[in-house]
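Dear colleague,

Please read them with the coordinates open beside you.

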Amino acid sequence: MTALLVALGGALGSALRYALGQRYDDRWHHGTLAANTVASLLLGACAGWALHGSALALIGTGFCGGLSTYSSLMVQSRDLGPARGAAYLVGTIALGLGAATLGFTLAG
């Protein structure tokens with residue numbers, strides 16, 4: 001049952017990430033940035049709510065895992081070149097940490 005919940009959450013998260021990328025990724029990759037930030041916010045909230053079992057499998061592991069895309073982040077950072085790529089990478093990580101902290105704080 002847990003594997004099915006992870007797969008369902010992953011399918012939903014991946015579909016949302018794909019839609020964000022198709023709609024908002026341009027020269028600066030706003031869709032990927034939004035996907036990673038929202039996934040970090042939700043994962044922080046999952047930690048704040050102390051989710052476990054089926055809820056954590058569906059939302060934390062499945063949905064957030066499917067929504068976030070750090071492999072795309074790395075490829076896009078490389079494609080932007082050294083200065084812009086580093087800014088994009090550092091900005092995404094900073095936003096992700098801030099969003100996770102906000103999610104944890106709001107949920108607690």
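Helices (H or I, at least four residues) and strands (E, at least two) are taken here as DSSP runs, numbered from the N terminus. On that basis the protein, read along its sequence, follows the pattern α-α-α-α-α, with five helices and zero strands in its secondary structure.

Please bear in mind that this is a predicted model, in which local features need pLDDT of at least 70 and side-chain atom pairs count only at pLDDT 80 or more, while totals for chains, interfaces and linings use all residues. Residues are numbered from 1 along each chain as its sequence is written, and side-chain values use heavy atoms, with hydrogens and water left out.

The C-alpha atoms fill a box of roughly 45 × 30 × 20 Å along the principal axes. Of the 108 residues, 35% count as buried, where buried means under 20% relative accessible area, exposed over 50%, and partly exposed in between, with a 1.4 Å probe and protein chains only.

Helix H2 (residues 30-48) and helix H4 (residues 70-80) have axes that come within 10 Å and cross at roughly 145°; axes are lines fitted to C-alpha atoms, for helices over the stretch in contact, and angles run from 0 to 180 degrees between N-to-C directions. In this pair, Thr32, Asn36 and Ser40 of H2 meet Tyr70, Ser72, Leu73 and Gln76 of H4, contact meaning heavy atoms within 4.5 Å.

Threonine 92 lies in helix H5 (residues 82-107) and counts as buried because its relative accessibility is 1%. Its side chain reaches the backbone oxygen of tyrosine 88 at 2.8 Å, and, leaving aside residues up to four places away in sequence, threonine 92 touches Leu33, Asn36 and Leu73.

Arginine 17, in helix H1 (residues 2-24), has 27% relative accessibility and therefore counts as partly exposed. With residues up to four places away in sequence again not counted, arginine 17 touches Ala35, Gly66, Leu67, Ser68 and Thr69. From arginine 17 to threonine 2 the separation is 15 residues in sequence and 22 Å in space, C-alpha to C-alpha.

Terms used: A polar contact is a pair of N or O atoms within 3.5 Å; within protein, one must be able to donate a hydrogen and the other to accept it, and residues adjacent in sequence count only if both atoms are side-chain atoms.
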